[in-house]
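Keep the sequence and the 3D view open as you read.

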Amino acid sequence: MMMERLLSALTEKRVLFPVSFVVRLALVVYGDYQDRNMVVKYTDIDYHVFTDAARFITEGQSPYNRSTYRYTPLLAWLLTPNIYLTVVFGKLLFIVCDVLSGLLIYKLLCLRGVGCQTARYVSSLWLLNPLPMGVSSRGNAESILSALVLGTLLCMEVRRLAWAAALYGLSVHMKIYPVTYALPIALSLRSSHTETNGTTQSWTWRTPVAFVGSFLNSKLILFASVAGGVFFTLTALFYYMYGWVFLHETYFYHLTRRDIRHNFSPYFYMLYLTADSRWSQSLGLAAFLPQLILLLVSSWTFHPDLAFTCFLHTAVFVSFNKVCTSQYFLWYLSLLPLVIPHLTLSVKQGLGLLLLWFAGQAVWLAPAYFLEFEGYNTFFLIWLAGLFFLVINSFILVQIIAHYRSRKSLERQKAE
Amino acid sequence: MHMKGNGDQEPCFFLKGLQPSLYVELSHKGFHREVVTTVELGSETPADVRALLVYRWPRDVYVDPYQVASLSHQRGWQMLFNTAIDLEEPAHRTSEFSTYVFPSHAGPTPNPLKVTIPIHGRYHKPSFDGKTFTPVHIELPELLLWTKKCTPFQRLEPHTVLDAPCTASNTSICSWVKIQNPNKNSVPMSLHLPVGDGSTVRLISTGTLVVTLICCVVLCHSMLKHQLR
């Protein structure tokens with residue numbers, strides 16, 4: 001009873017958002033203290049990379065002079081106050097975007113027919129979650145992107161297409177992976193064709209033409225033009241300012257990235273062993289196929305529910321990617337609160353799946369630690385752990401898919 | 001910064017009697033190590049002597065310039081690299097490099113100079129002969145000394161003269177005296193880095209593709225079964 005009252009008080013709208021901001025602020029302050037006084041630093045290396053790149057910009061140079069800066073120049077420009085004002089400006093920006101993401105989750109949940117109290121409980125899963133708290137306060141920029149993606153979904157939900165398209169174009173500019181959402185967005189915006197009740201549709205030459213034709217409507221064209229306009233304007237601007245190196249570091253590097261060093265990807269060891277062999281190209285392609293097939297199938301099967309499709313897309317993209325680090329998990333974790341209220345899993349089952357997910361990571365982290373910090377040859381174990389983690393992720397996704405009830409089916413169930 | 005006493009005598013007189021010694025050890029395990037160099041110059045060293053340690057690193061390891069820059073304030077030494085360092089490339093795609101380490105003071109300090117350099121192992125090509133580790137040998141550093149009054153052109157045997165940057169800012173070149181055989185190490189430094197086993201490539205590739213295909217098929221089946229209508 002006491003716990004329930006505490007929980008209820010904590011998730012009051014007036015309390016939840018300020019508390020989650022204050023806790024993140026406290027972590028930023030603590031992080032500064034730890035950096036000054038302890039050997040192990042709190043701040044992530046990426047934050048130093050961003051700050052160094054911002055410093056180059058203040059000196060009138062290219063941010064790409066900073067080795068391993070592989071992001072849009074927009075980020076370095078945004079962080080120039082790190083040099084002029086205070087070095088923690090970036091972290092403050094990231095924690096604000098983090099709390100903003102929580103607010104967007106709350107708004108989206110209310111719009112998707114979840115009761116406002118449940119919406120507050122579920123958004124507290126993000127707002128009071130130590131993982132995004134830690135990531136933003138350490139100086140990773142992931143929260144900017146999660147805010148942009150959630151903003152896109154919110155605008156789509158309220159049918160403000162121009163805004164959705166602008167935010168979408170900006171998010172694709174900042175990181176490539178949201179480009180995969182183009183397909184479900186296109187499918188959800190196309191004209192709905194009239195259903196032929198009962199009778200099987202005969203495939204004439206008209207069917208594929210009608211299919212393609214359904215994509216050519218004003219909503220989709222508006223979305224594509226605004227999103228494309230924002231993306232290409234930014235690309236052209238930064239290409240003019242920084243040249244080919246901008247395109248390479250921001251986009252091509254990530255597309256062709258063959259990081260053979262150990263990471264969560266199931267393909268890591270295979271790509272390491274075949275890096276210089278003649279099979280390298282075809283194996284890279286073979287590794288890309290399951291990702292592509294799953295993205296196409298998930299778009300087709302779930303596109304009426306855009307938030308769920310985007311979650312599935314990202315989870316599949318990350319799990320089957322050739323490189324996978326723990327930062328990527330936040331890309332789909334920020335969309336998970338939108339899915340949770342629609343799951344018919346019990347709390348016990350949900351916690352079980354969560355524990356399984358953590359166990360999968362722990363099983364990988366152990367041999368990885370021994371390889372990197374103790375010098376044992378644990379490559380084979382890391383390979384097995386990577387495959388095991390993929391199996392666990394697939395199992396969890398299957399459970400989520402099987403227990404998902406969209407709003408329409410819930411309403412249909414209520415009506416029956 | 002004048003040398004006391006020996007004004008008219010050979011300014012490099014002190015070098016003849018000097019027996020600087022150098023001891024290097026490697027600490028930590030795995031891919032992240034530290035090279036700890038201890039330099040004893042001896043009690044007869046004049047106040048304005050400066051030291052320079054020249055390290056020649058193999059391509060199997062690298063030193064992170066950004067890490068070093070953030071450490072040098074705390075550790076009291078400056079490092080100059082002779083080339084840009086790629087932090088991510090595997091060993092066979094990079095080359096050897098050198099670093100010049102300038103400790104803050106050399107003079108007649110009672111304590112020996114201690115320089116700790118963090119190094120990181122690079123990934124190597126997988127081995128096809130069953131060896132699970134690849135050996136990496138690191139040369140011992142060279143010790144160079146410099147003093148203002150010393151014009152080191154004559155009678156410095158067994159030491160030799162070398163041109164090197166005066167400071168880490170690399171704005172000018174000075175003539176340094178390279179100390180011969182200061183090393184107290186009996187063996188060169190070596191470490192072993194794990195490498196992938198290339199002979200298992202067929203098993204790994206087949207296993208990976210089979211498992212990813214099965215997961216893909218299971219997920220597709222689940223999506224198609226539960227699709228929204």
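The points below cover a strand in chain B, then cavities.

This is a predicted model, in which local features need pLDDT of at least 70, side-chain atom pairs count only at pLDDT 80 or more, and totals for chains, interfaces and linings use all residues. Residues are numbered from 1 along each chain as its sequence is written, chains are lettered from A and ligands numbered from 1 in the order in which they are written, and side-chain values use heavy atoms, without hydrogens and water.

**Strand 9 of chain B**

- Strands (E, at least two residues) and helices (H or I, at least four) are DSSP runs, numbered from the N terminus.
- In strand 9 (residues 142-146) of chain B, 5 of the 5 residues are buried, so the rest of the structure largely encloses it. Buried means under 20% relative accessible area (1.4 Å probe, protein chains only).
- Glu142(B), Leu144(B) and Trp146(B) are buried on one side, and Leu143(B) and Leu145(B) on the other.

**Its partners**

- Two strands pair if DSSP finds at least two bridges between them.
- Strand 3 (residues 50-57) of chain B pairs antiparallel with strand 9 of chain B over 5 bridges. Here Arg50(B) stands opposite Trp146(B).
- Strand 11 (residues 173-178) of chain B also pairs antiparallel with strand 9 of chain B, over 2 bridges. Lys178(B) is the bridge partner of Leu144(B).

**Lining of the largest cavity**

- Helix 9 of chain A gives the largest share of this lining, 3 residues.

Terms used: Buried means under 20% relative accessible area, exposed over 50%, partly exposed in between (1.4 Å probe, protein chains only).
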